[in-house]
Amino acid sequence: MDFHLSNEQLMLRKMYREFAETEVKPLAEEIDEEERFPMETVEKMAKLGMMGIYFPKEYGGAGGDVLSYAMCVEELAKVCGTTAVVVSAHTSLCCAPIFEHGTEEQKRKYLPDLLSGKKIGAFGLTEPGAGTDASGQQTIAVLEGDHYVLNGTKCFITNGNVADTFVVFAMTDKKAGNHGITAFIVEKDFPGFSQGKHEKKMGIHGSSTCDLIFEDCVVPKENLLGKEGKGFKVAMQTLDGGRIGIAAQALGLAEGAIDEAVKYTKERVQFGKRLSQFQNTQFQLADMHCRTQAAQHLVYAAAMGKQNHENYSEASAMAKLFAAETASDVTRRAVQLFGGYGYTREYPVERMMRDAKITEIYEGTSEAQRMVIAKHMGVK
Amino acid sequence: MKIIVSVKQVPDTSGKVAVNPDGTLDRASMQTITNPDDLNAVEAALKLKDETGCKVVVVTMGPPPAAGMLREIMARGADEGVLVSAREFGGSDTYATSQILAAAISRIGVEKDDIVMCGRQAIDGDTAQVGPQIAEKLHLPQVTYAADIQKTGDTITVKRMLEDGYMTIKVKTPCLLTCIKELNTPRYMSVGGIFEAYGKPLATFDYETLKNDPLIDPTTIGLKGSPTNILTSFTPPQKGAGMMLEGADKASCEKLAGILTAKHII
Amino acid sequence: MSFNNTDIAAFKDVWVFCEQRQGKLMPTDFELISEGRKLADELGVDLCGLLLGDKVEGLAKELGGYGADKVYVCDSPMLKNYTTGGYTTAICQVIEELKPEVMLFGATNIGRDLGPRCAARLHTGLCADCTHLDVDMPIYKDFLREASTLAPEKIDGLNTAVVLGEKHDVSRDLKMTRPAFGGHLMASIICPRFRPAMATVRPGVMKKNPFDQAKADACEIVKPAFTVTEDDVQTEVVEVVKAAKKLVDLIGADFIVSVGRGISKDVAGGIKLAEELAAELGGVVGGSRATIDSGWLSADHQVGQTGKTVHPKVYVALGISGAIQHKAGMQDSECIIAVNKNDTAPIFEIADYGICGDLFKVTPMLTEAIRAAKAAK
């Protein structure tokens, strides 16, 4: 399949790659070691329009398209999984729902700062008791005059400690199940809102992950996102888009690991031969490349589906499922090709392997993707 | 006020460079890039644009694919591009190239408060000649090796690098400056800039466009107009491999020190 | 008298632009005078220095000691500091009047500003950054046999060039040889139709003659007529600042220890090890382009195509892969020692002695071994 990449997209890829190689790659090891959020990189990306790629210029976006955004996450992930997910979570999980479900006033108020990267966005759906089963929301929102009062806790929130603007979900009607969930735009300075401590994780160490705590948090009524009781739909649609970002992140991780493995196996000599001369190496790399190419097709197809306003829910679920499992498989094989060196932190493949695992879990586990795909197949 | 930046597309000699059996460069196998010093000139121009809102026009002489490079520079923020391209211009040495670029720049127009900028030199030829020669042909004062550029009114103050220090030079516009990498760090293309780049004006100047300029004459352009000729080109012989010492240990180091002493090298 | 730069026969003598900064001659001047001497002898003409400045006549005789028969001195307060406009005006006037057939400049930051501007004004050819110059054909051919991979028959038959469709005998032309494409290719350039043939010559490449006091005393000083006005100068030199930090003198060094990308995991530590080894050898530290581009070392440390060309007695390459641009600047070193983790690094192809290993481990051992060897002498 030929994606007919436009001149602009080809130029973007070149620019992303240059930026990733020069600005992101040199920091990848450090932010992983230090579990440090790469704020300096976010500032640079903001200047270049990378925090609002596919949104219209009238709201401060770069006026691009969804595939151009997916390519950005992909190129970043080739060298740093953390930096990729910062952009993905910000764009897909905060900017997108405000753009797609917000009122004109909300868009004018929040998007310019978010899309220009002055502010970072995050998304609060997951709770200790509501993971894949998002309908089990325990956070409660009660309307009191001109504002809602929120109480509850969100967990594992990407960009949690660094974000200024949050799209948050809470129950406005406990009895109504999914139809009782409502979405809100929460600012970090709202009274009663606080962020928990940095979660220590297996991978994406530089990514900020924490709890969001609501203790009688006051959210003005005008910050209702969409209609009351329609939050579940907002969440599901947002996650459909978010999966493109995570799929692109997984794709980039796989590609990055292949780049490293090709380079290494051409240099490393054992038994008097370069590793690349062994058929096992060639077969491994051929399989890895093949799977990754297939993943790229699925990811790009999903991105174009969203761009063209098709029903892309199944496409994005397939892209994420396949790309994430590919990333885990390919990075693991890359470590194996490196042998002992691959297991050390001297080479980036062990980090890539740790970073890859999360792509099978967040924004819908691989199992959740299979549920979505089966549902679209009519298999009940 | 406007700034005209002259740039060149060059083979990327930092990567693997392939040479054909006949000793010529295998250009087909090499990536092309924008000459690095030229990007410093572009950045200097864009900085002045940020400060003053002036227009930045980028000009190159080369084959039609060089237009892609001009688009990339427009994606960094340049406003207009001019591609100077014609069969008649082929085979030009630096002298003839300067002559043609001077004519092109003069057609774009150099007014009282304008600046022409170039990179110090291109990595394919490393001649550093085109900047000064454009300046001479356009009768502009030049300052080369600019490591800092400050503009106040019509006066430009340049920190001009020497091997053992620098000179501070004041020059009035219009003038030509050549830029070195110490001057700045070139910005990236931006996402928004890329989506705008293809909508910006890009003109092509061919022989017809420039032929009435007094600088353009069959005896001053192309192969015929080039005062220099290549007598021969060749690849230098590879120096033969020496001796690899067995083991990265103390014994090897001592052996090496012993050889150097025996040969009276140390 | 009109200046006809195509009247080849009207031009004679080899000239060298002798650059002075703050009343001091540059080392390049002596290299170029020495090289110019060779060319003038091959052509059977005089070698003349061209010296510009304010009250610089006193510097002229020294140039004679390296081979100048004559020095033209242009003295004027307008020429006190180097300005492109002032110097170009004076030089072009004197050239038009006295018609040298060869004009050499040092390829310094000033020579490379001035040379092209003069060539453009005089409408003649200039070959930049030359590393080899010849007139005499047998000598030139010997050079090609040594320095090129050209077939012997091709070298033997190389007597003419096609110029504007006609065969041109190159035996009296200046053959200006220079690297291109980062040293991957060399080219010999001629300027057959115009005079003077101009070249800028890379500093540090040409060998300096021994100084001869008798020749210095015999050197003739001539003060040609010229006019330079404020209008010619065009720029104002506000100040000339010598770098406070002493720049590394790579060109003059007998021992150079250079570092490359291999020090990336501990830049400061790697540089320190190189400094220790350099100190033991009595040399200086250099670097590959990667180390300069990454900001690990300042630009004056750079060896290679875009940096300095060096030929020390010993060149130690630590963690330098040996990209061709780097080799271009150091492959003529008398002895090359390479330490690199990667046994297939191209640096080993030109190294006299190679050690495949981690520079962080090998360098201290090598420093110690050399210290011990010196002590034992």
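This is a predicted model: local features need pLDDT of at least 70, side-chain atom pairs count only at pLDDT 80 or more; totals for chains, interfaces and linings use all residues.
User: How many Å separate the centres of domain 1 and domain 2 of chain C, taken over C-alpha atoms?
Analyst: Residues are numbered from 1 along each chain as its sequence is written, with chains lettered from A and ligands numbered from 1 in the order in which they are written. Domain 1 of chain C spans 8-233 and domain 2 spans 255-376, with bounds from an automatic or database domain assignment. Taken over C-alpha atoms, their centres are separated by 34 Å.

User: Which residue is the bridge partner of C:Pro179 in β12(C)?
Analyst: Strands here are DSSP runs of E with at least two residues, numbered from the N terminus, and two strands pair if DSSP finds at least two bridges between them. β11 (175-180) and β12 (185-190) of chain C run antiparallel, joined by five bridges. Within β12(C), C:Pro179 is partnered by C:Met186.

User: At what angle do helix α3 and helix α7 of chain A pack?
Analyst: Helices are DSSP runs of H or I with at least four residues; here they are α3 (residues 66-79) and α7 (residues 279-307) of chain A. Axes are lines fitted to C-alpha atoms, for helices over the stretch in contact, and angles run from 0 to 180 degrees between N-to-C directions. The axes lie 8 Å apart, and the packing angle is about 145 degrees.
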